[in-house]
Amino acid sequence: MPHFTRQVERIARVHQEGLRDRGERNRGPVVRYPVRELLGLGDADVDRIADVVLDFLAQ
């Protein structure tokens, strides 16, 4: 599992920051990926979601 996690982290970083990487595993041309921001939640988002869920459950 740790190997899989490292691969996912690397791929996510390449896409998040618009880095270069090979299109295929260890072969093929080097591709420059465009920046693609991944979904992220800030503390305010998490707090708001928790408030909405708790309000719903309190009904």
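What joins the side chains of D21 and R10? A polar contact of 2.4 Å does; the term stands for a pair of N or O atoms within 3.5 Å, where, within protein, one must be able to donate a hydrogen and the other to accept it, and residues adjacent in sequence count only if both atoms are side-chain atoms.

This is a predicted model, so to speak of local features takes pLDDT of at least 70 and side-chain atom pairs count only at pLDDT 80 or more, while totals for chains, interfaces and linings use all residues. Residues are numbered from 1 along each chain as its sequence is written, and side-chain values use heavy atoms, leaving out hydrogens and water.

**View 1. D21 and its neighbours.** Look for D21 in strand β1, residues 20–24. Strands (E, at least two residues) and helices (H or I, at least four) are DSSP runs, numbered from the N terminus. Leaving aside residues up to four places away in sequence, D21 touches R10, V14, P29, V30, V31 and Y33, with contact meaning heavy atoms within 4.5 Å.

**View 2. The run of elements.** Here you can pick out two helices and two strands. Starting at the N terminus, their order is α-β-β-α. The chain's C-alpha trace spans about 55 × 25 × 15 Å along its principal axes.

View 3. Of the contacts with a separation of 6 or more, 3% come from residues 24 or more positions apart.
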